[in-house]
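Work through these exercises with the structure open beside you. Try each task before you read its solution.

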Amino acid sequence: MELSIAIFIGILYACGVFLLLRRSIVKVILGVFVLSNATNLIIFLAGGVERGGIGFVNENGEPAAAMSDPLPQALVLTAIVIGLGIAAYILVLKYQYFKVTGTHDLDQLKNTEQK
Amino acid sequence: MIRTLVYLLPALALLGMLAPPMTRRLGHIYGVILSAIPLLMMVLFLSFNTTLGDTQSVVYATPWQLVPGAPLSFRIDGLSLIFGVMVSGIGFLVLNYAAGYMKGHAHIGRFLMLMTLFMVSMLGLVLSENLITLFFFWELTSVISFLLIGFDNHLEKARKAALQALLITAAGGLSLLFAFLLMGNIAGTYTISELLDKGPLITHHHHYPLIFILLAIAVFTKSAQFPFHFWLPGAMNAPTPVSAYLHSATMVNAGVFLMLRVMPFAGDTMLWKTVFPIVGSVTMFVGAFLSFGERDLKRILAFTTISALGTMVLMAGLGTNAATKATLVFFVVHGLYKGALFMITGIIDKSTGTRDLMQLRQLWKPLRSVSGATFITLFSMAGLPPMLGFIGKELIYGAKLQSGFFPEVMLMLGIGTNALMVAISILIAYRLFWSRKAEVAPPPFKDKYPRLMLLWMGPVVLSAVSLLLGLTPNRIARYLNNAIYHIRAIEYDAHLTLWHGFNAELLLSIATVTLGVVIFIYRETVTRFITRINGVINRYYLPDLFDKLIKGYVKVAARQTNRIQHGYHRYYLMTFFLIATGAMAVVLFPFEFETWMTSASPVKTHIVILLAVMSLGMIYAMVSPSRLSAILALGIVGYGIGLLYLFFGAVDLAITQFLVETLIMVLFILVIDYLPAFASLSVRRSRRRDAIIATVVGVFVTIVVLEARFVNVVPPISQFFIDHSLLKAFGHNIVNVILVDFRAMDTLGEITVLALAASGVVALVNVGQKCQSGQSPMRIPPADTQSLRTLIIAGVVTWIRRVLIVVAVWLLLRGHNAPGGGFIGGIIAASGYVFYAIIFGSEPTRKKLRIPPFIIIGIGLGLSMLAGVLPMFMGEAMLTAQWLHLTLPMAGELHLGTPLLFDTGVMLVVFGMINAIVLTIMNVLKWN
């Protein structure tokens with residue numbers, strides 16, 4: 001199981017990196033989304049995939065038999081919401097860049113002059 | 001009493017810093033008032049002479065520490081007394097002189113402030129009891145001298161000279177710091193009293209050569225030794241009071257002071273006794289030699305200072321008892337005459353408008369008040385009886401005769417130097433007072449300056465002291481005894497007399513004076529010779545060389561920066577990815593494919609199918625020519641990941657992922673119409689290159705994920721959370737308990753990040769709007785929404801919004817025990833408003849919200865902080881959960897606690913953030 005998930009993460013990373021290396025801003029934004037998802041997945045899987053039990057304890061305070069590690073889940077949960085904030089920020093940043101400079105070519109970022 | 005002295009330092013600094021406003025009221029008189037403190041300090045210093053006796057020292061440590069283990073502490077012994085008296089005494093005179101000299105200057109306040117601070121830092125330096133304190137004040141003198149030399153900051157020359165002085169002395173300071181750190185490390189202490197008997201430990205350590213080199217660099221740069229001497233003549237760009245003080249008692253003498261201070265525990269070695277004498281004697285001769293070729297009075301004096309400093313370094317380098325005594329006496333001698341001569345130069349400069357020796361003549365009467373002082377001072381410089389200068393010179397000859405270090409060479413250079421000094425003194429006196437012819441007549445003499453008491457007081461007092469000490473030299477014997485006791489660790493009787501009888505020293509003196517007179521008589525030949533040599537030297541003019549060095553350095557740095565900071569976004573990223581993967585490859589080598597390929601857990605078919613679908617979605621998103629289909633395909637990946645979370649038992653995660661993915665897609669689709677279409681900007685070759693890089697990164701990430709399974713650095717702490725979740729935090733939902741209780745501090749940081757992201761978005765938009773002139777007309781929302789509004793949906797949406805709020809609150813309340821919590825609740829509540837905003841536009845939504853989103857974020861952060869702070873009032877650590885246990889008749893046991901308050905805060909922050917972002921973006925798009 002680990003192998004197939006690892007390969008999937010690898011594919012996400014490869015695609016994300018390729019998108020990030022583009023000159024067109026829209027593709028770069030997509031790249032950021034993809035990488036943030038892929039990274040969350042890595043952290044989550046660091047807890048192991050053998051067990052798949054839900055992270056709850058019963059009335060006696062005992063965990064379910066095959067509970068997956070709750071700590072990475074807590075980390076990832078906040079990471080997802082922060083990812084939303086970052087995504088929005090990047091989106092607006094690139095939108096403003098486009099509006100101010102009038103180009104969607106990131107190579108033009110060299111020039112600090114406004115339109 | 002030492003406490004009074006120590007606390008006078010900050011008092012003086014404070015009064016000095018008040019100078020700019022005070023001089024605006026009181027004018028230059030404030031300088032006179034200010035000078036009362038150094039006068040008081042000098043009296044205090046002098047009173048120590050009797051209490052200290054021949055062997056005592058006093059130490060006072062303030063409660064403040066500069067660095068752990070090194071308090072700001074001070075000591076007084078003979079050495080610090082001699083320097084202290086000179087620094088405060090000449091400081092008193094110089095402040096008065098400066099008040100007169102700068103009278104009416106626009107920046108007299110700044111000048112007096114800097115002079116005072118300079119004095120404070122030099123006093124702190126000579127009083128330091130530990131090396132770190134010493135270093136601190138050492139650097140302070142460098143920095144303030146930079147400001148003083150560059151005081152006329154509208155002149156490029158002054159700025160350049162100041163920068164040069166700073167670069168050179170600061171380099172020395174850096175090397176001093178390293179030397180001190182090494183010494184402190186070896187000896188285990190920075191305190192000078194404790195270091196005194198740790199000498200062998202340091203001098204026999206195998207790092208001693210390094211320590212010595214670092215110390216020597218510090219001394220050479222500060223005390224302007226050859227070949228670092230060139231910053232000192234440049235420093236004469238400062239106003240004359242600065243030169244008078246910098247040359248006589250402060251700054252350049254700090255290097256000599258350092259030598260004497262560290263000699264007990266870092267001196268008396270072969271290196272010490274070889275390097276310092278050689279460099280010192282070279283500097284001594286070169287300084288005197290070059291001064292003879294100059295015409296500017298200030299430059300002449302600057303070069304004689306270099307020569308005098310060379311003498312002191314040479315003497316302190318020889319390091320015998322006699323040589324140490326000679327160093328100290330010569331420091332006093334030099335301070336007295338050099339201070340006076342610079343002040344006189346200042347008066348001449350002010351009165352005649354020139355400092356060119358060849359233009360000056362017949363000044364005996366015009367100079368009036370200071371003519372006598374000039375004469376006496378020049379006597380002292382020439383080393384003639386009955387001045388203290390004579391005694392100093394005799395002592396130096398004596399020390400050279402006794403030393404085993406090439407006495408012949410030393411004496412030859414010494415005689416040459418002193419003869420040149422005699423010749424220069426005669427030349428100056430001749431030019432100023434007797435010479436009848438001048439190359440060019442100076443401008444008319446301004447009579448008022450020599451009459452100004454503030455100006456003539458300094459030279460008169462200094463020359464009087466010089467004469468007095470020459471006649472009764474034994475007054476300073478006890479200072480010397482005490483200083484030599486602490487430097488050389490032996491009781492010493494430094495008996496000083498003017499007349500020693502006929503001995504070798506006297507013969508040498510007579511020879512020197514004779515030679516000096518001969519040089520004076522043949523001065524034109526000598527000057528021509530020196531000028532010719534100067535012509536050769538100037539081809540390698542050190543200040544210019546130094547300038548070139550610095551410029552070249554800056555140029556290389558600029559080129560380097562241009563290469564690294566090229567401005568291409570994607571190449572930055574590429575560099576990062578390549579280096580990161582390279583580092584990973586190094587760490588993972590040799591590759592263990594066998595282990596990575598083994599799967600620990602059984603393959604589940606449904607998950608594999610899901611992964612395949614997501615991969616296809618990802619690849620479709622890459623190749624799709626349309627933005628909309630690309631973002632939808634990415635949605636498949638996002639929701640698929642949510643499903644993965646669900647399969648592996650992370651319910652809360654799955655819910656969050658679904659919600660966030662939806663919101664991101666909504667955001668993207670909102671903006672997409674306003675973003676440019678996909679375009680292939682890169683050429684095929686760079687696309688192929690990027691594909692290769694991306695593939696490599698992907699492969700390595702895969703490997704890292706596989707490898708990560710085998711890395712178990714520490715046993716996971718998760719078990720603790722699992723065990724204590726219900727017992728201590730009264731929650732069944734471990735993930736939520738971790739978020740709001742066990743690791744609430746992290747969560748607090750994360751919601752702060754969310755608040756920042758929201759304000760970042762709003763700030764960015766506002767920046768953009770400033771670029772447009774005025775408010776552009778409101779755009780009508782897309783036609784579809786118009787029709788949407790008219791439908792029943794409008795009513796439904798309002799209801800959905802209300803229902804979602806209720807659901808959100810319910811999720812928040814049950815979050816501790818079941819899937820839910822603040823994050824999820826916040827997103828759900830916000831999505832109701834986002835839905836509403838899409839239908840009705842941003843303005844009506846703002847109205848429905850009533851409270852601006854940023855206020856909501858603020859309230860949320862405030863609630864979470866409150867949950868953190870409340871426990872502190874109960875004497876517990878921040879964020880420790882506090883509980884209230886109730887037993888209700890219907891619902892059974894109920895646990896109410898601060899985590900719920902905390903989670904409510906989280907929910908409000910998330911709710912506010914999403915609203916802020918979405919409404920701002922809609923505003924920008926004129927979706928009102």
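**Exercise 1. Describe the area buried between chain A and chain B.**

Solution. The model is a predicted one. Start with the total: chain A and chain B bury about 8,500 Å² between them. Next, ask which atoms supply it. Carbon and sulfur atoms give 78% of that area. A:Met1, A:Leu21 and A:Leu84 supply 9% of what chain A buries against chain B, more than any other three residues. Last, count the residues in contact: 86 from chain A and 108 from chain B.

**Exercise 2. Find the salt bridge across the interface of chain A and chain B, and count the residue pairs in polar contact.**

Solution. Begin with the salt bridge. The rule finds 1 across this interface. Its partners are the side chains of A:Arg22 and B:Asp690. The N to O distance is 2.1 Å. The cut-off for a salt bridge is 4 Å, so this pair qualifies. Then turn to polar contacts. Between chain A and chain B there are 4 residue pairs, both residues being at pLDDT 80 or more.

**Exercise 3. Which helices of chain A supply at least two residues each to the side that touches chain B, and how does that side divide by class?**

Solution. Take the helices in order. Helix 1 (2-20), helix 2 (25-45) and helix 3 (70-101) of chain A each supply at least two residues. Helix 3 of chain A gives the most, with 24 residues. Now sort the touching side of chain A by class. It has 55 nonpolar, 18 polar and 13 charged residues.

**Exercise 4. Describe how helix 38 and helix 42 of chain B pack.**

Solution. First locate the pair: helix 38 of chain B covers residues 793-814, and helix 42 of chain B covers residues 898-924. Their axes lie 10 Å apart, at an angle of about 145°. The crossing is right-handed. Next, list the residues that meet. Helix 38 of chain B brings B:Ala808, B:Val809, B:Leu812 and B:Leu813. Helix 42 of chain B brings B:Leu900, B:Asp903, B:Thr904 and B:Met907. Finally, sort the residues of this contact: 6 are nonpolar, 1 is polar and 1 is charged.

**Exercise 5. Where in chain B do B:Pro227, B:Pro386 and B:Asp268 lie, and what marks each backbone?**

- The peptide bond from B:Phe226 to B:Pro227 is cis, with omega near 0°. B:Pro227 sits in the loop between helix 11 (208-222) and helix 12 (231-234) of chain B.
- The bond from B:Pro385 to B:Pro386 is also cis, with omega near 5°. B:Pro386 is in the loop between helix 19 (371-382) and helix 20 (388-402) of chain B.
- B:Asp268 is not a glycine, yet its phi is positive, about 60°. Its loop runs between helix 14 (252-266) and helix 15 (270-291) of chain B.

Note on methods. Residues numbered from 1 in each chain as written. Chains lettered and ligands numbered in written order. Predicted model: local features only at pLDDT ≥ 70, side-chain atom pairs only at ≥ 80, totals over all residues. Heavy atoms only, no water. Contact = heavy atoms within 4.5 Å. Buried area = accessible area lost by both parts, 1.4 Å probe. Polar contact = N/O pair within 3.5 Å; in protein donor to acceptor, adjacent residues only side chain to side chain. Helix = DSSP H or I, 4+ residues; strand = E, 2+ residues; numbered from the N terminus. Nonpolar A, V, L, I, M, F, W, Y, C, P; charged D, E, K, R; others polar. Axes fitted to C-alpha atoms, helices over the stretch in contact; angles between N-to-C directions. Left-handed = near helix turned anticlockwise from the far one by under 90°.
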